[in-house]
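Dear colleague,

Please read them alongside the coordinates.

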Amino acid sequence: MKKKPLTTYTLEEVKEMFIGPVGTPKRDKFEFDLQMDLLGDIIKKARQTQHLTQEQLGSLVGVQKAQISKLENNTTSARLDTVLKVFNALKAKVTFKVQLENEEYLVI
């Protein structure tokens, strides 16, 4: 019996097959959720690098431990000012890059 050769796909092809093309609501939600998960991971790693507990970071920011946990685990929508306060407490530099159709902005 002759085996069929394996077909390989790029990550982009797999995402398109299972999640949908770029620009569709399902794909946009997936990409947004992924970005929020990455943001939570960054907060957690920065906190752990500085040997802070969630409670200690919460005290520095002025929020409860539960709010830090929710940020790290992407289980809540946080206000931008809260996220910026968290990064400020972690002594992290935050830069935003905003791209519009024909324009690009860098906010430091």
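The notes below cover the pocket, a surface patch and the salt bridges.

Please bear in mind throughout that this is a predicted model. Its largest pocket holds about 510 Å³ of space, and of the 22 residues lining that pocket, Met-36, Leu-39, Val-83, Phe-87 and Phe-96 are the closest to its centre. Helix H2 (25-49) and helix H5 (80-89) are the elements that give two or more residues to this lining, with H2 supplying the largest share, 7 residues. By residue class, the lining divides into 14 nonpolar, 6 polar and 2 charged.

Leu-84, which lies in helix H5, is partly exposed at a relative accessible area of 33%.

As for charged pairs, the count comes to 8 salt bridges. In one of them Glu-31 pairs with Lys-15, the closest N and O atoms being 3.6 Å apart; Glu-31 lies in helix H2 and Lys-15 in helix H1 (residues 11-18), so this pair ties together parts that are 16 residues apart in sequence. Lys-15 counts as buried at 16% relative accessibility, whereas Glu-31 is partly exposed at 24%, and both residues belong to a salt-bridge network that also includes Glu-12 and Arg-27. A further salt bridge joins Asp-81 to Arg-79 (3.0 Å, N to O), where Arg-79 counts as exposed at 60% relative accessibility and Asp-81 as partly exposed at 30%.

Best regards

Technical notes
Residues are numbered from 1 along each chain as its sequence is written. This is a predicted model: local features need pLDDT of at least 70, side-chain atom pairs count only at pLDDT 80 or more; totals for chains, interfaces and linings use all residues. Side-chain values use heavy atoms; hydrogens and water are left out. On a 1 Å grid over the protein atoms alone, a cavity is a set of points where a 1.4 Å probe fits but cannot get out, and a pocket is an open set with protein on both sides within 12 Å along at least five of seven lines; lining residues have an atom within 4 Å of a point. Grid points are joined across faces, edges and corners, and a volume is the space filled by probe spheres set on the points. Helices (H or I, at least four residues) and strands (E, at least two) are DSSP runs, numbered from the N terminus. Ala, Val, Leu, Ile, Met, Phe, Trp, Tyr, Cys and Pro count as nonpolar, Asp, Glu, Lys and Arg as charged, and the others, Gly among them, as polar. Buried means under 20% relative accessible area, exposed over 50%, partly exposed in between (1.4 Å probe, protein chains only). A salt bridge is a side-chain nitrogen of Lys or Arg within 4 Å of a carboxyl oxygen of Asp or Glu.
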